[in-house]
Amino acid sequence: MSEPTPHSMSETTSTTDDDETQRSTAADPADPAASADPTPVPGETGGKFGRYGGQYVPEALMPAIEELTDAYQRYVLENEDGFMDEFRRRLREFGGRPTPLQHAERLSERYDRDVYLKREDLLHGGAHKLNNALGQVLLAKYMGKDRVIAETGAGQHGTATAMAAAHLDMPCEVYMGERDINRQRPNVFRMTLNGATVTPVTAGRGTLKEAISETMRDWAGSVEDTHYVIGSVVGPHPFPAMVRDFQSVVSEEARRQAIETIGELPTDVVACAGGGSNTMGSFAAFLDDETVSLHAVEAGGADLSIDEEAGVAPNSASLYAGEEGVLHGARTKLLQDAHGQIVESHSVSAGLDYAGVGPELAHLVDEGRVIPVAVDDDHALEAFHLLSRTEGIIPALESAHAIAYLEAGTDTEAGTDSEAAGDDGGEPDAAADDSLGETVVVTVSGRGDKDLESVIEETAARDIDGAPDMSAFTEGI
Amino acid sequence: MSNRAVSDRSGNSEAIAQAFADGPAYIPYLAVGDPDYESSLEYVEALERGGADLIELGLPFSEPIAEGPTIQGAVVRALEGGMTPDRFFEFVEDLDVDVPLVCMTYYNLIYQWGETEGPRPFVERAAEAGLEGFVVPDLPAEEADPLREACDEFGLDLVFIVAPTTEGDRLDRIMDRVSGYVYVQARLGTTGAQDDVSDQTAASLDRLREYDVPKAVGFGISAGDHAERIVAGGADGIIVGSALVDIVAEGVESNRSTAAVADRLEAISRELVAGAERGSRARSTGDPS
């Protein structure tokens, strides 16, 4: 680790090992990264990111959370018993890390800027999720637990946990919303093949938030021998910080690879945001690089409004459209009605379909460090086809949202200069025209094989420019 | 009744203190609005006729992470029936009961209510409606100070849950902030009626013996003999939720009349009260069996 890491940089902002960081002359005294360190404040639970985070959980879970906080401190932060060394070794040998940072030639031409893809779709399992799942299942082993449980939305975290659990010889039960089971069949088979039990959750609309609630209930009764492998940077402390730390390998690599291949830091990093583990993983190592604009692309779904009467938000844009509240153990930004009831979110992508978001991201958005943007279902599908056709990469629908932002973030119609600085102070802007700079790193968080059925269906229902004729495929559905 | 500002943590509400004054307290729980507003009014009134000393009224939240399937079902029915925080307060005002009422809900609903940020507007409205306290399962003691202050300002109590795993510093932090009564969780897991009540209760009551606040035991009490054993084991009260919600749910499924369901709620309440009284007599005669 000879490269500057975010940790070494945060200690002394004036110390620079490369020219790029010297561009951060306008060092912000209220550096958001500095307050992102989850140190408990007296009289409060630990894990605050500004006003967000905390440990809002039933008392029965508190001892488990305290035990986990202690384990996180010792094994993850202090590398006790060589935990992090083993984690990194297994990520290499089992996971296939590092993943490449690839120059996307057609996209670069199309958008008249250098577009680089961080290829998390090439990680074992086909998504960034393994980084976190492997870390947590390994941690469960170090903690002496006999069983892991997990929730899953798109099935990506469930499959990653099932793989990691099989790899580390740990019994695994995955809670999955019934609706998600129906739209993600291949992932259900994969989990089963890896020896995991998949338990359907029928409460509510049967998606990720119900699965999280159900997994928390299991944990409340099984804390003594069970670790809950949460799938994103959500939930009570220490989960948001710990999952970020396991996922930050994505941006640590991307930052190093950018310096190696481009010769400098990128102007922008773009990542999709549901719960936010891919987002925080893609951003973490860049937080101290003030010249790098960070764009969190949320699912704009069909519409950015909330239908309070029906208790439904036809989107999953918690950062962009949500309000502060408390859900699943943390204070964060939520999609809720005026009474504080959590509404049902929507996205064409099951993995982004969540009414909350990681508390650290909520804080970084408030601080102006992360720019929240929303991409709707239609544009995500267009980007899915664009990347598939022009770059030979079939992305997950989640990742397609990030790709679509290249289009939204490039003001092609007005033809204005596309090289303006990206940082607009964090003002949410669904169509942030020309907000992107010269070199853009986009994280392809996962591959799209799991989404093919949905894509055939959704494409057939739309008129998408350049998409192949789906009629031959829809007949069998 | 809501104007007193009392800082004494042994209890702000005289009505709650009174509920524990004459023998073991029977504390039933129902989700308000399950399955509809009018039936729910009758069910709560039936609980008082059955001998309730204090009633916990659940204000349904869309993500009840501490509840098992029984109460989740009640929450879904109540929300589908149109229950909201405003309707909940109206419900409390419409109720014709004389026993103290405690609101059990999740923190987001308390936090979001009203024009200004924080829990104070909700507590002020609750006091105005005639509620005497709160139980908030997802609010840990460490985050509870704003709600604690608002409760003190308006003379309400704040009840905390103590789990079988709660001990040491955590127990002290909770007992520093609790008032009215402490909710002793009889076993790990979420709420739900169980055939047996675990030994964990006895251990929990032991740990709490030195604290001078009434101890009410909940989670899994569904019959008179459970109540008897729990009270004989040292509990000052029994909290019963899922066993009652089961009766409401069964009434919905079997399409029973509101009056029939109310009668059953009253009957099981009498059985539980009788069990608690047997337990109390056993304790006073030193015979815990």
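Contact here means heavy atoms within 4.5 Å, and helices (H or I, at least four residues) and strands (E, at least two) are DSSP runs numbered from the N terminus. This is a predicted model, where local features need pLDDT of at least 70 and side-chain atom pairs count only at pLDDT 80 or more, while totals for chains, interfaces and linings use all residues. Residues are numbered from 1 along each chain as its sequence is written, chains are lettered from A and ligands numbered from 1 in the order in which they are written, and side-chain values use heavy atoms, with hydrogens and water left out.

**View 1. Helices α6 and α7 of chain B, side by side.** Arg120(B), Val123(B), Glu124(B) and Ala127(B) on the α6(B) side meet Leu147(B), Ala150(B), Cys151(B), Glu153(B) and Phe154(B) on the α7(B) side. Sorted by class, that contact has six nonpolar, no polar and three charged residues. (Ala, Val, Leu, Ile, Met, Phe, Trp, Tyr, Cys and Pro go in as nonpolar, Asp, Glu, Lys and Arg as charged, and the others, Gly among them, as polar.) As for geometry, α6(B) (residues 120-129) and α7(B) (residues 145-154) pack at about 30 degrees, with axes 9 Å apart. That makes α6(B) roughly parallel to α7(B). The axes are lines fitted to C-alpha atoms, for helices over the stretch in contact, and angles run from 0 to 180 degrees between N-to-C directions. Angles under 35 degrees count as roughly parallel, over 145 as roughly antiparallel, 65 to 115 as roughly perpendicular and the rest as oblique. The crossing of α6(B) past α7(B) is right-handed; the label is right-handed if the near helix is turned clockwise from the far one by less than a right angle, and left-handed if anticlockwise.

**View 2. Helices α11 and α12 of chain B, another packed pair.** Here α11(B) (residues 242-253) and α12(B) sit at an angle of about 160 degrees, their axes 10 Å apart. That makes α11(B) roughly antiparallel to α12(B). Look for Ala243(B), Leu244(B), Ile247(B), Val248(B), Glu250(B) and Gly251(B) of α11(B), which meet Val261(B), Arg264(B), Leu265(B) and Ile268(B) of α12(B). The tally for this contact is seven nonpolar, one polar and two charged residues. Once again the crossing is right-handed, with α11(B) passing α12(B).

**View 3. Gly279(B), a buried glycine in helix α12 of chain B.** Gly279(B) belongs to α12(B), which spans residues 258-284. Its relative accessibility is 0%, so Gly279(B) counts as buried (under 20% relative accessible area is buried, over 50% exposed, in between partly exposed, using a 1.4 Å probe and protein chains only). Leaving out residues up to four places away in sequence, Gly279(B) touches Glu228(B), Val231(B) and Ala232(B). The C-alpha atoms of Gly279(B) and Ala227(B) are 7.2 Å apart, although 52 residues separate them along the chain.

**View 4. Strand β1 of chain B and its two parallel partners.** Seven of the seven residues of β1(B) (residues 25-31) are buried, so this strand is largely enclosed by the rest of the structure. Ala25(B), Ile27(B), Tyr29(B) and Ala31(B) point one way, while Tyr26(B), Pro28(B) and Leu30(B) point the other. Four bridges join β1(B) to β9(B) (residues 237-240), where Ile239(B) is the bridge partner of Ile27(B). Three bridges join β1(B) to β2(B) (residues 55-58), where Leu57(B) partners Leu30(B). (Two strands pair if DSSP finds at least two bridges between them.)

**View 5. The six-stranded sheet of chain A, with helix α16 lying across part of it.** This open, mixed sheet runs in the order β3-β4-β14-β9-β10-β13. β3 (101-103) and β13 (370-376) of chain A are the edge strands, each pairing on one side only. On average, neighbouring strands are turned by 30 degrees against each other, direction ignored. Strand β10(A) (residues 293-301) and β13(A) pair in the parallel sense over seven bridges, and Ala299(A) stands opposite Val375(A). Helix α16(A) (residues 377-391) lies across β3, β4 (114-119), β10 and β13 of chain A, at about 90 degrees to β13(A).

**View 6. The four-stranded antiparallel sheet of chain A.** The order in this open sheet is β1-β2-β12-β11. β1 (48-49) and β11 (323-327) of chain A each have a single partner strand, so one side of each is left without a neighbour in the sheet. Five bridges pair β11(A) with β12(A) (residues 329-334), and Leu327(A) stands opposite Ala330(A).
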